[in-house]
Amino acid sequence: MKIIHIINGPNLNLLGEREPEIYGSTDFEEYLEKLRDIYHNVDIRYFQSNHEGEIIDYLHDIRSLSGGIVLNPGALTHYSYALRDAIAAITIPVVEVHISNLYKREEFRQKSVTAAEAAGILSGFGLDGYRLAIAHLLSRRNG
């Protein structure tokens, strides 16, 4: 069975509550169940942390145990060179996902220091960006 890891960064544990006008009103655990129903032949594993070092450690731990990673770094996107370096250090593909369109947000949110190390970026598709990222990783792996 293919393994895809979804990693969410800081404050994404509050999806469904935090700024629903930007991030929507769906709890991520609820959406995760929908993803698992859609991709029933894929082992989708989920990790969320509000701590940069925990995310980096997780990336290191799964570097040989995954067919791909869907990563929403949250605010770490804009300043974490340590996270960027962790993505660069692993060989499995990482797709960066952002629920909101970064380019419609504040100026400081429009720059991603992690993006250059990602296989691709999805921004502004809401939670559906996670599904699209998984679809890409599965086609890449099989193609």
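Reply: What follows is a set of questions about the terms, each answered from the model.

Reply: Residues are numbered from 1 along each chain as its sequence is written. This is a predicted model, in which local features need pLDDT of at least 70, side-chain atom pairs count only at pLDDT 80 or more, totals for chains, interfaces and linings use all residues, and side-chain values use heavy atoms, with hydrogens and water left out.

Me: What is the mean confidence of the protein chain, and where is confidence lowest?

Reply: On the pLDDT scale, which is the predictor's confidence in each residue from 0 to 100, the mean of the protein chain is 91, and 95% of its residues reach 70 or more. Confidence is lowest in helix H1 (residues 20-23), at a mean of 78, and highest in strand S2 (residues 42-48), at 98. Helices (H or I, at least four residues) and strands (E, at least two) are DSSP runs, numbered from the N terminus.

Me: Why is His78 called buried?

Reply: Buried means under 20% relative accessible area, exposed means over 50%, and partly exposed lies in between, with a 1.4 Å probe and protein chains only. His78 has a relative accessible area of 15%, and therefore it is called buried. His78 sits in the loop between strand S3 (68-72) and helix H4 (81-89).

Me: What makes the buried residues of H3 line one face of the helix?

Reply: In helix H3 (residues 52-62), the residues Ile55, Ile56, Tyr58, Leu59 and Ile62 are buried. Seen down the axis of H3, they fall within an arc of 160 degrees, so they line one face; the arc is that of the directions from the helix axis to the C-beta atoms. These buried residues pack against S1, S2, S3 and H4.

Me: Which residues touch the most other members of the largest nonpolar core?

Reply: A nonpolar core is a set of buried Ala, Val, Leu, Ile, Met, Phe, Trp, Tyr and Cys residues joined through side-chain atoms within 4.5 Å. The largest one has 23 residues, of which Ile6, Phe28, Ile44, Val70, Tyr130 and Ile134 touch the most other members. Its largest share, five residues, comes from H5.

Me: How do you know which strands are at the edges of the sheet?

Reply: Two strands pair if DSSP finds at least two bridges between them. Five strands form an open sheet in the order S2-S1-S3-S4-S5, with parallel pairing. S2 and strand S5 (120-123) each pair on one side only, and these are the edge strands. S4 and S5 pair over four bridges.

Notes:
Contact = heavy atoms within 4.5 Å.
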